[in-house]
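Hi,

Here is the structure I promised to pass on. Have a look at it first, and my notes follow below.

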Amino acid sequence: MQPPAWNAPPRSDGGEGVMKDALSDDELARGYYLELAAALVRHRLPELADLPLAELFRRGLEAGLRLHHFKRTAGLPRVCKVLGILRGLAPADLLDVGSGRGVFLWPLVDSFPGLRVLSIDRKSVNVADVHAVDAGGVERLRGAVMDFHRLGLADDCVDVVTFLEVLEHLPQPQRAVAEAVRVARRFVVVSVPSHEDENPEHIHLFTRNSLIELFAAVGVRRLSFDAVLNHLIVVARVYDS
């Protein structure tokens, strides 16, 4: 797959592109998932492949690559909570459904350096980023474009499925949950907003009871719940359900 033509125009107004040039290597490492961003740059600009990580990042900005998606987000409460849950589950491999621009995906890959991850999304532009990071050296990461209502994957093919901030967008959430349960060997981890918001793309508002009913409809009754800053998180045990 060819990466999309998404180069941004150079900035001369003291904005993000210029500001990052002024940051030290340590500041870049603290503010960004630098290894992952550098992998993307390494693939998109192979003539720079041998440069150090921070210099790759800077040169990627100069070339107009949009690297702001790699800002560190592991401090977000819902991301922290799910990462903590996954440390307890100790997955052998993981499917992340609806990775989007990587708000959860990049901290996941950064926090679990030995974990094999398949990231799927409906938008090819997001999957192109994943392909670039994979091709740039993070070979335990794979990406694919898929319909969340009909996953092109075998039964029981992955240890844990994460399905975060996605169900509220889907016209058929029960079918999507059924697919996640079908491909998971042990657990499905879901997060959804717990309060109404102004996002016009949110077509469902789930409660604890509606999530219980949603999973019961696909044969899963062993659930545990957490709540964190306007979000509900449910861990569904899918084996021996």
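Let's start with A74, which sits in the loop between helix 4 and helix 5 (77-89); helices here are DSSP runs of H or I with at least four residues, strands are runs of E with at least two, and both are numbered from the N terminus. Setting aside neighbours within four places in sequence, A74 touches Y33, V79, C80, L83 and P107, where contact means heavy atoms within 4.5 Å. The C-alpha atoms of A74 and V103 are 8.3 Å apart, although 29 residues separate them along the chain.

Before you go further: this is a predicted model, so to speak of local features I needed pLDDT of at least 70, and side-chain atom pairs count only at pLDDT 80 or more, while totals for chains, interfaces and linings use all residues. Residues are numbered from 1 along each chain as its sequence is written, and side-chain values use heavy atoms, with hydrogens and water left out.

Next, E55, which belongs to helix 4 (residues 53-62). E55 is also partly exposed, with a relative accessible area of 28%. Its C-alpha atom lies 8.6 Å from that of A38, 17 residues away along the chain.

Now the strands. Strand 5 (residues 184-193) is mostly covered, with eight of its ten residues buried. Strand 4 (residues 158-164) pairs with strand 5 in the parallel sense over six bridges; pairing requires that DSSP finds at least two bridges between the strands.

Finally, the whole chain. How many helices and strands does the protein chain have? There are nine helices and seven strands. The radius of gyration is 19 Å, close to the 18 Å from the globule rule for 241 residues, so the chain is as compact as a globular protein of that length (the radius is taken over C-alpha atoms, and the rule is 2.2 Å times the number of residues to the power 0.38). Along the principal axes, the C-alpha atoms fill a box of roughly 55 × 35 × 30 Å. Of the 241 residues, 47% count as buried. Among contacts with a separation of 6 or more, 69% are between residues 24 or more positions apart.

Cheers

Note on methods: Buried means under 20% relative accessible area, exposed over 50%, partly exposed in between (1.4 Å probe, protein chains only).
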